[in-house]
Amino acid sequence: MGKTFNPKITAFLCKWCSYTGADLAGTSRLQYPTAIIPIKVMCSSRVDPVFLIRAFLKGADGVLIGGCHPGDCHYESGNYHTRRRFAILQSIFDSLNLEKDRLRLSWISASEGPKFARVCNEFTDKIQKMGPNPTRKNMFI
Amino acid sequence: MVKALREEVKRLFEEKKVDLVIGWGKGSLPMTATPIFINKAEDAERLIWDETCSNNLAVYLTKDKRQLVKTDQKIGIVVKGCDGRSLVLYAVENQIQRENLVIIGVPCAGVIDKKKVLKHIEGKEVLSASFEADRMTVEGRGFKTEIAKCDVLSDSCLNCNHPNAPVFDVFIGEPRKSDSVEDVYPDVEAFEKLDSEARWKTMVEAYSKCIRCYACRNVCPSCYCTECFVDQNDPQWIGKSPEITDTLIFHLGRNLHVAGRCVECGACERACPADIDLLKLNRKISKEILERFNFTAGLDINEKPALASFCENEKQDFIMG
């Protein structure tokens, strides 16, 4: 075990926008941290709250959800549902003293490769500063 | 009241308006009522309605009894306020056919939580219990105690604004006037005022008692998935041991799955053998949904649950770019 902290960030990316955005970031040779572990989902609203809770409580230092911009959802309204769900999830995290800033929802379209790289860099920097997920200490993982 | 209920059910059978009535009957132990299924007029005499009728009968319209809903059977169901709200939820979510249902409303003044009574008398065995307007008397070997009813009411009944079913076909007696409680969530507010460390500690302490019997899920009227995520093996979402991480995933997951659909009937809490304050997080979410989306579950038969609908130009301050 090295002394440096290498965060692990689980990213749920919607197939139609954010995942393609990530692809574009890659093909454009944009650098983004290796901390990001992308998981492709068909829609950001496919991300059941259980996925996030599980990722977080099982030790992910941050969880990112990437979806299409409001109005651009491939299934018309999926991301609006994600938005409501995410709001409730964050408030629950807050009331349990789990750091809600470790959850992030971003709208990244298929053409926004640079934005994807920026979001990943920003988020990783932030998690780097916040340190490891405290539930790792609190729980027996 | 009970007499009127029995007469009404008898009348429904005689007029062939129902083939089956779901109601409460006397339980085998004191202070308990058991759900009963009546299919002929004579059996209406078995029906009771009092403070012990705590089960949310709406669950029998889904889950194990799902086949009942699919046939053309006309079903009568006796409901309190919260059970009635569950039925509204089912109607919104297309789980029941409203026209096959005869909803019999009863005015509810709150039901008792048996566990609270037992705590009150320090776990002594109760042999008989009787109820008056605002107090109850419990008797056992060598003791007889009077308890104020407000001390043993189920947590869900303490700040209830919906004593009558929002939708009904027949109502027994007069609908009870709502108490119009202004501060519906004092318990949640008290919890929110705790400092962050204490909130985490209370929750972990409470949930670490969980033995993962899933009784809360089984009695929950809003939990009617044919296969729950905790039962799935492939992929397996959570570990099977009662270990705190998995327990928290189960409870938080369940809370969020019923978010905006929970009618706060308190069935989960009354069913919990480990005496966990399960309603607190559900009520916290309900409060949040009320504040954010101005929605309360199970009141309007034409309104979709908050998390199944949306508004395009909603506040999205929590999204950072």
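Modeller: Happy to; here is how the terms apply to this model.

Modeller: This is a predicted model, in which local features need pLDDT of at least 70 and side-chain atom pairs count only at pLDDT 80 or more, while totals for chains, interfaces and linings use all residues. Residues are numbered from 1 along each chain as its sequence is written, and chains are lettered from A and ligands numbered from 1 in the order in which they are written.

Biologist: What makes helix 1 of chain A roughly perpendicular to helix 4 of chain A?

Modeller: Helix 1 (residues 18–27) and helix 4 (residues 113–130) of chain A pack at an angle of about 95°, with their axes 7 Å apart. Axes are lines fitted to C-alpha atoms, for helices over the stretch in contact, and angles run from 0 to 180 degrees between N-to-C directions. Angles under 35 degrees count as roughly parallel, over 145 as roughly antiparallel, 65 to 115 as roughly perpendicular and the rest as oblique. Helix 1 of chain A is therefore roughly perpendicular to helix 4 of chain A. Helices themselves are DSSP runs (H or I, at least four residues), as are strands (E, at least two), numbered from the N terminus.

Biologist: Which residues make that contact between helix 1 and helix 4 of chain A?

Modeller: From helix 1 of chain A come A:Ser18, A:Gly21, A:Ala22, A:Leu24 and A:Ala25, and from helix 4 of chain A come A:Gly113, A:Lys115, A:Phe116 and A:Ala117. Two residues are in contact if their C-beta atoms, placed from the backbone, lie within 7 Å. By class, the residues of this contact are five nonpolar, three polar and one charged. Here Ala, Val, Leu, Ile, Met, Phe, Trp, Tyr, Cys and Pro count as nonpolar, Asp, Glu, Lys and Arg as charged, and the others, Gly among them, as polar.

Biologist: Why is A:Glu76 called exposed?

Modeller: A residue is buried if 20 or more other C-beta atoms lie within 10 Å of its own, exposed if 12 or fewer, and partly exposed in between. A:Glu76 has 9 other C-beta atoms within 10 Å, so A:Glu76 is exposed. This residue is in the loop between strand 3 (62–67) and helix 3 of chain A, and phi of A:Glu76 is near 75°, a positive value in a residue other than glycine.

Biologist: How do you know whether B:Lys16 is buried or exposed?

Modeller: With 8 other C-beta atoms within 10 Å, B:Lys16 is therefore exposed. B:Lys16 is in the loop between helix 1 (2–14) and strand 1 (20–26) of chain B, and its phi is positive, near 60°.

Biologist: What span is expected for helix 11 of chain B?

Modeller: The expected span is 1.5 Å times one less than the number of residues. Helix 11 of chain B has 15 residues, and its 20 Å from first C-alpha to last is close to the 21 Å expected. Its buried residues, including B:Leu279, B:Leu281 and B:Ile285, pack against helix 3 (78–95) of chain A together with helix 6 (186–193), helix 9 and helix 10 (267–271) of chain B.

Biologist: How many residues does each chain bring to the contact between the chains?

Modeller: Chain B brings 33 residues and chain A 31. Helix 9 of chain B gives the largest share of chain B's side, seven residues. That side has 19 nonpolar, five polar and nine charged residues.
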